[in-house]
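Subject: Structure handover

Hello,

My notes on it follow below.

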Amino acid sequence: MKTLAKLSRLNTRPEPFDSLRVVGLEINLFSLTAGVAEVNALRYTPSGVPALNCKLEHASEVTEAGQVRQVKVVMKAVCFGSVAESLARQDIGSHWKFTGFLATPHGTKQIVFHIQEFVKD
């Protein structure tokens, strides 16, 4: 079994979030500028919390290995509480900066973006 100390000696390249990493604590932070592509009807969890499922669309250019690349992604997303109520009122096609975390629902392998905040892009 590898310990954290042994693993850290094996990793000679700095990671982007090394300054945020704490032993035993992993980071799951995701941020995306995207347009609202689809919004389902606002629903409520059994405990009465507002919930909203939606799809976000992102397109951009990035440089990878010295080459400019076109990037497009459609991502399933979900949000809860006041964030869900607020996003439900936004127009399809409106663009925002979304922040939250990534997860896979029970019994699936598809990634879902859990939106915790969004601000005008």
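I start with the aromatic residues: W96, F98 and F118 form one aromatic cluster. Please keep in mind throughout that this is a predicted model.

W96 belongs to strand β5 and F118 to strand β6, so the pair ties together parts that are 22 residues apart in sequence. Both W96 and F118 are buried. There is also a charge at this ring: K120 lies over the face of W96, 4.6 Å from the ring centre.

K120 turns up again in the contacts of S94. Setting aside neighbours within four places in sequence, S94 touches A34, G35, V36 and K120. S94 sits in the loop between α2 and β5. Its relative accessibility is 12%, so S94 counts as buried. The side chain of S94 also reaches the backbone oxygen of D91, at 2.6 Å.

Nonpolar core

The largest nonpolar core has 17 residues, and those with the most contacts inside it are L56, C79, L87, F98, F113 and I115. Two or more residues come from each of β1 (30-39), β3 (50-64), β4 (67-80), α2 (81-88), β5 (95-103) and β6 (112-120).

Beyond its neighbours within four places in sequence, L87 is in contact with V36, L52, C54, C79, F98, I115 and F118.

Cysteines

How many disulfides does the structure hold? The number is 0. Seen from C79, the closest cysteine sulfur is that of C54, at 5.5 Å. C54 has a relative accessibility of 4% and counts as buried. C79, at 0%, counts as buried as well.

Loops

Two loop residues are left, N40 and A65.

N40 is in the loop between β1 and β2 (43-44). With a relative accessibility of 38%, N40 counts as partly exposed. The C-alpha atoms of N40 and C54 are separated by 5.9 Å, although the two residues are 14 apart along the chain. Neighbours within four places in sequence aside, N40 is in contact with L52 and N53.

A65 is in the loop between β3 and β4. Its phi is positive, at about 55°, although A65 is not a glycine. Is A65 buried or exposed? A65 is exposed, with a relative accessible area of 80%.

Regards

How values were computed
Residues numbered from 1 in each chain as written. Predicted model: local features only at pLDDT ≥ 70, side-chain atom pairs only at ≥ 80, totals over all residues. Heavy atoms only, no water. Core = buried A, V, L, I, M, F, W, Y, C linked by side-chain atoms within 4.5 Å. Buried < 20%, exposed > 50% of the residue type's maximum accessible area, 1.4 Å probe, protein only. Helix = DSSP H or I, 4+ residues; strand = E, 2+ residues; numbered from the N terminus. Contact = heavy atoms within 4.5 Å. Polar contact = N/O pair within 3.5 Å; in protein donor to acceptor, adjacent residues only side chain to side chain. Disulfide = S-S within 2.5 Å. Phe/Tyr/Trp six-rings, centres within 6.5 Å; stacked < 30°, edge-to-face > 60°. Lys NZ or Arg CZ within 6 Å of the ring centre and 35° of its normal.
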